[in-house]
Number of protein chains: 2
Amino acid sequence: MKAPLLVLLLLALSQIASAQPTVERWGLFEAGFTGPSTGNPFTDVALKATFTQGNASHDVTGFYDGGGKYFVRFMPETIGEWRFVTHSNRPELDGSSGTFTAVAPSAANHGPVSVAHTFHFAYADGTPFRQVGTTCYAWIHQGDAREEQTLKTLASSPFNKLRMCIFPKFYEWNKNDPAYFPFEGTANHWDTTRFNPEFFHHLEKRLAQLRDLGIEADLILFHPYDKGHWGFDRMDAASDDRYLRYVVARLAAFRHVWWSMANEYDFMKEKTEADWDRFFHIVQSSDPYAHLRSIHNGSKIYNHTQPWVTHVSIQDGAAVGDPERAMLLRDVYRKPIVYDEVKYEGDIPQRWGKLSADEMVFRFWNGLIGGTYVGHGETYANADEILWWSKGGVLKGQSPARLAFLRKVMDESPAEGIDPIDKWQDENTAGKAGEYYLIYFGKSTPKEWPFTLYKDALKDGQKFQVEILDTWAMTVTPVGSTFTTKKRDNYFFEDAAKKSVALPGKPYLALRIRRVP
Amino acid sequence: MKAPLLVLLLLALSQIASAQPTVERWGLFEAGFTGPSTGNPFTDVALKATFTQGNASHDVTGFYDGGGKYFVRFMPETIGEWRFVTHSNRPELDGSSGTFTAVAPSAANHGPVSVAHTFHFAYADGTPFRQVGTTCYAWIHQGDAREEQTLKTLASSPFNKLRMCIFPKFYEWNKNDPAYFPFEGTANHWDTTRFNPEFFHHLEKRLAQLRDLGIEADLILFHPYDKGHWGFDRMDAASDDRYLRYVVARLAAFRHVWWSMANEYDFMKEKTEADWDRFFHIVQSSDPYAHLRSIHNGSKIYNHTQPWVTHVSIQDGAAVGDPERAMLLRDVYRKPIVYDEVKYEGDIPQRWGKLSADEMVFRFWNGLIGGTYVGHGETYANADEILWWSKGGVLKGQSPARLAFLRKVMDESPAEGIDPIDKWQDENTAGKAGEYYLIYFGKSTPKEWPFTLYKDALKDGQKFQVEILDTWAMTVTPVGSTFTTKKRDNYFFEDAAKKSVALPGKPYLALRIRRVP
């Protein structure tokens, strides 16, 4: 066995403790090699590596990075020493071996996100991931100044997931060419057998920055916002498949990557549903880490009951109009539901981009109370055509501050997630029966709430503390006295002294009710 | 070849025009034979018949009916002469042959119902089937007097589909033993290899009566309302499968049969989801006519995206709370959606059985405007424990008259079905763009409606007539003048003279807007 010919590059490495390279658990280990640069190394050269630790073994596909350089990346999911050996159809790349040590992760590294408790998400270390997403579809194609500005905005935003396209976007307010293209060639004359490493270096730099901000990257692999302008929406099947395999080989070792097969998949008229099924299969079979997989629709929803769909990603302009609508799809899918597009806060003429800020916040709360998750986007028109929804830049709306308040509420909620408490009967109450309740009043303006909780997990004599949340003013007001449960009838408990909570008669109020010992 | 040994019995036969037996297209042809009566004919004797007409050929399973009698039933789907020949493992039943002629159906016979226009239903002759269903789960187990009373009630009701169980029901208000049981034996000591022909004769008599009333029979094959009292909910797999095959052999030739694998399937804890998949496969593969197939849930929805599910049958206590909720599942399933249980009109203490009549009617209208269908049930408590929902009898509620009004509106609507007009934007408007609109105001109490229609299929200068429907008072009031379309903006057309419709400011109003030449 030969040692790797190039240096071992260790990205996301917090420390190098010994001669043996180390990388954090769920960090990105990268081994580089030199090999052929003639012919077409992208298609002519096969490179894989087998990573082993004890009985665990992972086969990982490498990739050509131009200039005779080849890399294999690996995300160790367990700590301790890992060994690897390469396999290639080219002798100079075959049989290289090495070792590294995966060490405990740093404080901000919780590992990749996956499904937890059927309807929710958690990082690999068990920390709940409570999705508060936004969209900047084409942010990595706006040049360094705008892209750095976007990162700065994200750093102080409430958002922990970003939907973003790999391919550039051609659409209203999006007519600018990107600095990098993914293939060699020119528009509609790409050599899709030859990737452009610069494009991917840039993408990976931005991905790493998102990761370091603690933001999950919901990578959109295809989208229809091209219509033949560059032609990335109408490549042939072999090009589509090669592109997917290359992307997964390069990016799967980033722990914060989610795979979104498409945005508005059904608007890509060149593709059939069978194509999308195939894309899922390619991604699923190529990704050693089983990152989250879904697909976002225009007007036709994909069959998210398919086993290769890990969670539901839906555009629906009305589904979070109330919590009951939001929760309907939980029963259908038995998976986490993310309403990734529910229209955007903004003021453009299109009906999908003119939500008021309070309506956007209202929709997030409806989604939360429905036991689901919501995505934000912002479309305020302006002369320079920089709309956050697509290009990033700065946030101008009033909703992000309220979504930060919402996220704080979420962060203080039960680790198992917020679930409906009294399905079909009370759409406004969610939480964890017996311990924690959120009651959201939406647009109604109550002046009083008689303490009443559905019977599940309750018995007489339990004590609860109540806080009044003004979800728009972002205030939390504790109610002075505690409440004590007493069975009222076959369905409900009330306060033993029949106490009520006085409310300020405004819209967008909520109650947080927590059990006290 | 031998001729059938027994007489040819022709049920549902409107005429006998010649020496050759005739049966209506979509009628029920039955050939009877004598064979072994010793041993266990239900399991020992195999009997099939092949029915042919030109190149068409159908293999149909026969059944043992006790007393040495065997039958094969067949529903001809095309007119003209049909030939058949039997196949059996017993020589006396093998090789019998015969012919009959299928003639044009009588006026009330439109054939079986199947899916049409993705979200709707039609009879085989193309007549739209606009579902207005009800439930009398155990009506065939109440004795002749009650059963005849139920049929009389149904005859003057608006309902064109009835959900009904094959097995008897043991539940609150349902503790009476039926007159017939499906197997030989006694409770929890059934010989499930021996069916009780009397039970099935009785079932078939009632089925034929429903058919003759023009009511589709949504046959519930399993249900949990037994809990071991008789034990039909916890038979072994072989018994379940044998029962399904016997039921399909006897009943598939009834044109008005729908197969509902279960009521509240998920409440039958003895069964797994794989069992339900298997039941679908058995029914699908045994039924030569591909009758509609679905399954009704308790709190866990079955995966209705499976290809063997023809339409969605759902219990949800809140899904028809507004039209938007109702329509959400259309996008998910791309199949007809029938909300078969949305709680019941009644006054029992249980929250699923105390809807007011106006709420029940409201839910039907919400379903209609959402492009879906709804089921009725009635649970008014009374001393004799005869609740329509389960036992039948008489209807006491105020909703059926309003559902008759609704059905008349449906019957006068476009053949293609009522679909949402402006998805995600206007949940209150449905119909067929450019031709026919229903606008339902639900619980709001408008005094005026400015004539406004979404742009699809419209252009300037089209004329529309408007009627005001009071869905509770059951009145139709034409608006005197016609309205003429004029483009208002990128989304809407208004009246050229900006006319409005004056409304009486009551709840439960609707507008019916029809294009005039």
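Author: The contact draws 23 residues from chain B and 23 residues from chain A, where two residues are in contact if their C-beta atoms, placed from the backbone, lie within 7 Å. On the side of chain B that touches chain A, the largest share, six residues, is supplied by helix 6 (residues 323-333) of chain B. Helices (H or I, at least four residues) and strands (E, at least two) are DSSP runs, numbered from the N terminus. Sorted by class, this side of chain B holds nine nonpolar, seven polar and seven charged residues. Here Ala, Val, Leu, Ile, Met, Phe, Trp, Tyr, Cys and Pro count as nonpolar, Asp, Glu, Lys and Arg as charged, and the others, Gly among them, as polar.

The model is predicted: local features need pLDDT of at least 70, side-chain atom pairs count only at pLDDT 80 or more, and totals for chains, interfaces and linings use all residues. Residues are numbered from 1 along each chain as its sequence is written, while chains are lettered from A and ligands numbered from 1 in the order in which they are written.

The C-alpha trace of chain A spans about 85 × 55 × 40 Å along its principal axes. Of its 517 residues, 49% count as buried, a residue being buried if 20 or more other C-beta atoms lie within 10 Å of its own, exposed if 12 or fewer, and partly exposed in between, with C-beta atoms placed from the backbone. Among contacts in chain A between residues at least 6 apart in sequence, 69% join residues at least 24 apart.

An automatic or database domain assignment divides chain A into domain 1 (8-103), domain 2 (132-411) and domain 3 (433-516). The C-alpha centres of domain 2 and domain 3 of chain A are 37 Å apart, and twelve residues of domain 2 are in contact with nine residues of domain 3. Helix 7 (357-369) and helix 9 (399-411) of chain A each provide at least two residues of the side of domain 2 that touches domain 3. That side of domain 2 of chain A has nine nonpolar, no polar and three charged residues.

In chain B, five strands form an open sheet of mixed pairing, in the order 2-9-8-4-5; two strands pair if DSSP finds at least two bridges between them. Strand 2 (22-24) and strand 5 (56-61) of chain B each have a single partner strand, so one side of each is left without a neighbour in the sheet. Strand 4 (residues 47-53) of chain B runs antiparallel to strand 5 of chain B, and six bridges join them. One bridge partner in strand 5 of chain B is Asp59(B), which faces Thr50(B) in this pairing.

Two loop residues of chain B remain. Trp26(B), in the loop between strand 2 and strand 3 (28-34) of chain B, has a positive phi near 65° and is buried, with 26 other C-beta atoms within 10 Å. Lys498(B), in the loop between strand 33 (492-495) and strand 34 (500-502) of chain B, has a positive phi of about 55° and counts as exposed, with 10 C-beta neighbours inside 10 Å.
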